Amino acid sequence: DGEVFKYYVDGEWRKSSSGKSVAIVNPTTRKTQYRVQACTQEEVNKAIDLAKVAQKSWARTPLWKRAELLHRAAAILKEHKAPIAECLVKEIAKPAKDAVTEVVRSGDLVSYTAEEGVRILGEGKFLVSDSFPGNERSKYCLTSKIPLGVILAIPPFNYPVNLAVSKIGPALIAGNALVLKPPTQGAVAALHMVHCFHLAGFPKGLISCITGKGSEIGDFLTMHPGINCISFTGGDTGVAISKKAGMVPLQMELGGKDACIVLEDADLDLVASNIVKGGFSYSGQRCTAVKVVLVMESVADALVEKVNAKVAKLSVGAPEEDSDITPVVSESSANFIEGLVVDAKEKGATFCQEYKREGNLIWPLLLDHVRPDMRIAWEEPFGPVLPVIRISSVDEGIHHCNASNFGLQGCVFTKDINKAIMISDAMETGTVQINSAPARGPDHFPFQGIKDSGIGSQGITNSINMMTKIKSTVINLP
Ligand code: G3H
């Protein structure tokens, strides 16, 4: 207590001149766990200035050397999995095993990014002019991918490490500098992750990690003229950022209301286990969580019974004990979830379990017979509460899915592959999973949302490409 973690700039750890700090409240104990620096706008300016300078020589550093450093960072990250996971447990109440998995997955992501980078950045194109009408073969065009400059990365609380490296890795391999603004909950885990990059030996100033209050430095960072690209994952803030940001490429992954459409011929045991895993892992605090079940009426009773049997087996408690259901990230989040539950109760949803809450800990809850007039039919709880809507036709399910303002992922369960593909085509979401719950990984798969779920596409390859632009050199022959 009393210690305030330093922020990272110019290759070193510093205290903010503000003399102020931001408290990180442990979701389980609801007491201050850590403190981080409340950085000032001048400190943001300094970090971006240094990033600009460092980026110029980084872009000239051979690609294989950039890859080598990323591989080193990935290995160090994995070596540090235990202390980083401990931060995740304390800051965001991620179950202990999942916290370790997040760090290991992050190391793998960074290594894969290095490998993918040397392949896709190691080649360009050669074009000749005489394919276009009216041209002789008198112009040769050489293209390559060049970095954008300084990338601003803003990951969310639910993956402070993994969704940071999914931006940092592509940015760095492509020759960019990186300014990281971690979420407050998860900031210490992110600082520790940055420490691994520090130990790997990246040049001074290339990477910085600025902690602080969104109200003080949020808009200042996102509207800063020195930022050349923003990669953001989170909620509504992303919509505000996209309205305010200047003329820079944006990569946004925002919310989701991922639907799970269950047909009459589906394997209901498979569906039930995917609903429980998809809906309740990390207490539903994933943008890709199953957020509404749309099940054909004829199999609904059987499915709900199977899901309830599995929900009854979920352990509820502290993340240190690796409980399945752990406290949600904050009191305001718990209050929001409760608001959705109360609304559903008032409007007549069937409660399959008793609603129970202690502090930020909310017991898993399946709500059956949810109707479209209930808020939970449309809103994203980001908690362990899952609505079931009974449908009388597949079209009704597709219609509900497409009426959402979100369009991240969705899933469909059926043994009929032709139907599954037709439904996938009809669902207005970035990805449709057939016979499995939505998920972002494996991390090299394209990952994108449509409508309010985001801008652009992620996944390792897409992120590398997004953080570069094409440079052409045209040779004009005499
Ligand atoms: O919360 C949003 C994440 O991108 C979801 O990732 O599917 O690996 O949990 P995940």
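How many bridges join strand E7 to E10, and do the two run parallel or antiparallel?

1. The model is a predicted one. In it, strand E7 (residues 150–154) and E10 are joined by four bridges and run parallel.

2. Together with helix H8 (residues 237–244), E10 and E11 form a β-α-β unit that is right-handed.

3. Strand E10 itself spans residues 229–233, and five of its five residues are buried. The covering extends to both faces: Cys-229, Ser-231 and Thr-233 are buried on one side, and Ile-230 and Phe-232 on the other.

4. A separate site deserves attention. Gln-185 is located in the loop between strand E8 (177–180) and helix H6 (187–200). Is Gln-185 to be counted as buried or exposed? Its relative accessibility is 15%, and because buried means under 20%, Gln-185 counts as buried.

5. The side chain of Gln-185 makes polar approaches to two backbone oxygens: that of Val-25 at 2.8 Å and that of Glu-91 at 2.7 Å. Apart from neighbours within four places in sequence, the residues in contact with Gln-185 include Ile-24, Pro-27, Ile-92, Phe-157, Pro-160 and Val-329.

Methods:
Residues numbered from 1 in each chain as written. Predicted model: local features only at pLDDT ≥ 70, side-chain atom pairs only at ≥ 80, totals over all residues. Heavy atoms only, no water. Buried < 20%, exposed > 50% of the residue type's maximum accessible area, 1.4 Å probe, protein only. Pairing = 2+ DSSP bridges. Right-handed = clockwise from strand over helix to strand, strands pointing away. Polar contact = N/O pair within 3.5 Å; in protein donor to acceptor, adjacent residues only side chain to side chain. Contact = heavy atoms within 4.5 Å.
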